[in-house]
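Subject: Structure for your files

Dear colleague,

The structure is below, followed by notes on what was found in it. Please keep the two together.

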Amino acid sequence: MEEFKYLIPEESNDATRMDASLMRTIEEHLRRTFNAHEYQELLLPTFEYADLLSGFGTNEETMFQFINHEGKRITLRTDFTVPIARIYSNAHTDEVRRYSYFGKVYRTQARHKGRSSELFQGGIELFGLPGREGDQECLSLIEETMQDIGLSDLKLELGSAKFYKRLMALVMDRSLTDILKKKKSSDMKHLVEVHDFDEDLNKLLLILPSAFGDIKCLREVKEIVKDDELLEAIEEMESLYEFSKHKENIIFDLCMVPERSYYTGIMMKGFSYYSAHPILQGGRYDHLFEHFYKNVPSIGFSYHLNNVLDAIGKENEAND
């Protein structure tokens, strides 16, 4: 027992190595930008009911769960979006609301993967602004803040939950998800061979594993798409690209699989050359509020500050 006086759990080991001063500086840059665009900062509770989060598709295996004095299951916060959606729902309003947040989420990780379970985030949620107008505001805020976090040569990857969900409805084979994640051409070819899809869908599926790159790649796929819903999803991504002020930093991934089951439209991931994991993630989730018996178009994103700091450290080492 004596040895534990000098050790910390592996779930928290990443936090001890973080540069607190640098993280606070980055937070202040983000906070200043969020405030300038009238995003109200919120402080969220650390504990939530496990049933609430699992009802929104959170994998219970990622939760740190407890039983409280009432005999109910509670968990450390795994997500900011759902608690903030609850705040908006309880406000009994249909107005456009803008919220920001900074803090930790807690998610169990597979052992020996080198990832902490104590994750620092900073981000925004935009409620009540539908379609392209909301997507464009979110993109503008991402592009503005990406200039301020101290990393060079960042890329913003765009995908579409609408595109993914329509593909799943057309294919009706769950193995497609894993094939898309791994971008394995051989597995996609096998999927096509064992199913009786029409020629247009076959052609699309076979090209998807390589459908990753700049706007030319997106438009090449668009040329062969015949399904109206798939085409609509591609046109949403294309429109957002045209709106961008930093088109040179945007890439597309038509194999992108939603990280959250409630995503419905545009999905975004920010990457640094010096990080193996995204520094930013977000997307549109227009059906989330159905759990609160409301219809509220919504979009948001968050910076993974652990990954940002790790990337800054590696970039500085490379430039020494």
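Contact here means heavy atoms within 4.5 Å. By that criterion, and not counting residues up to four places away in sequence, Phe243 touches Gln136, Leu139 and Ser140.

This is a predicted model, in which local features need pLDDT of at least 70 and side-chain atom pairs count only at pLDDT 80 or more, while totals for chains, interfaces and linings use all residues. Residues are numbered from 1 along each chain as its sequence is written, and side-chain values use heavy atoms, with hydrogens and water left out.

Phe243 is found in helix H11; helices are DSSP runs (H or I, at least four residues), numbered from the N terminus. Its relative accessible area is 32%, so Phe243 is partly exposed (buried is under 20%, exposed over 50%, partly exposed in between; 1.4 Å probe, protein chains only). Phe243 and Asp135 lie 108 residues apart in sequence and 9.9 Å apart in space, C-alpha to C-alpha.

In helix H9 (residues 199-207), the buried residues are Leu201, Asn202, Leu204 and Leu205. They are on the same side of H9 because they cover an arc of only 165° around the axis, taken from the directions from the helix axis to the C-beta atoms. Glu199 and Lys203, on the other side of H9, are exposed. The buried residues of H9 pack against helices including H6 (161-171) and H7 (175-182).

Those two helices also meet each other: Tyr164, Leu167, Met168 and Val171 in H6 contact Leu176, Thr177 and Leu180 in H7.

Regards
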